Amino acid sequence: METDNKSSKNINLKVLCLQTNPKFKDVEYNIGQAEKTLSKYSQKDALDVIMFTETAFTGYCFVSKDDIRPHLDQAGIGKTFEFCSNLAKRLNGYVIAGYPEL
């Protein structure tokens with residue numbers, strides 16, 4: 001199949017992926033570590049997307065529903081949302097983070 005280069009557009013995105021080693025169930029510490037790591041970046045870096053690994057702020061080795069319950073966030077509410085929302089505004093980009101949701 002041939003493509004028409006005149007109608008094709010290249011999209012260039014600048015993506016930052018942050019792999020962490022979270023302390024299990026210590027959301028505040030893990031967010032603090034992410035803040036420290038990302039503090040060197042600003043809007044001048046022109047990051048389009050900042051992406052965290054799945055459950056980067058809670059860890060993921062929960063043994064039951066009761067074990068994870070204290071760490072659940074509601075969509076649009078909670079520590080992970082607050083951090084990601086502020087980061088997106090500060091860096092003027094999109095932030096992607098997996099979190100356990102209520």
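Select F52, F57 and F83: together they form one aromatic cluster. Keep in mind that this is a predicted model.

**Stop 1: the aromatic pairs.** The count of aromatic pairs comes to four. Zoom in on one of them, F57 with F83. Its geometry is edge-to-face, with 75 degrees between the planes. The ring centres lie 5.4 Å apart. Now colour the chain by position. This pair links distant parts of the chain, 26 residues apart. F57 sits in the loop between strand 2 and helix 2 (65–68), while F83 belongs to helix 3.

**Stop 2: around F83.** Stay on F83 and show its surroundings. Which residues does F83 touch, leaving aside neighbours within four places in sequence? The contacts are I31, A34, E35, L38, F52 and F57.

**Stop 3: helix 1.** Select residues 27–38, which make up helix 1. This helix has 12 residues. From its first C-alpha to its last it reaches 16 Å, close to the 16 Å expected at 1.5 Å a residue.

Next, highlight V27, N30, I31, A34 and L38, the residues of helix 1 that are buried. They lie on the same side of helix 1, because they cover an arc of only 100 degrees around the axis. An α-helix has 3.6 residues a turn, so residues three or four places apart point the same way.

What do the buried residues of helix 1 pack against? Show strand 1 (15–18), strand 2 (49–52) and helix 3 (79–91): these are their packing partners.

**Stop 4: G32.** Still in helix 1, pick G32. With a relative accessible area of 24%, G32 is partly exposed. Try the distance tool from G32 to I77. Their C-alpha atoms are separated by 18 Å, and the two residues are 45 apart along the chain.

**Stop 5: the nonpolar core.** Now look at the largest nonpolar core, which has 15 residues. Which residues have the most contacts inside it? Select L38, I50, F52, F57, F83 and L87. Strand 1, helix 1, strand 2 and helix 3 are the elements that give two or more residues to this core.

**Last stop: K23 and Y29.** Finish with a charge and a ring. K23 lies over the face of Y29, at 4.1 Å from the ring centre.

How values were computed. Residues numbered from 1 in each chain as written. Predicted model: local features only at pLDDT ≥ 70, side-chain atom pairs only at ≥ 80, totals over all residues. Heavy atoms only, no water. Helix = DSSP H or I, 4+ residues; strand = E, 2+ residues; numbered from the N terminus. Expected span 1.5 Å × (residues − 1). Buried < 20%, exposed > 50% of the residue type's maximum accessible area, 1.4 Å probe, protein only. Arc of directions from axis to C-beta. Contact = heavy atoms within 4.5 Å. Phe/Tyr/Trp six-rings, centres within 6.5 Å; stacked < 30°, edge-to-face > 60°. Lys NZ or Arg CZ within 6 Å of the ring centre and 35° of its normal. Core = buried A, V, L, I, M, F, W, Y, C linked by side-chain atoms within 4.5 Å.
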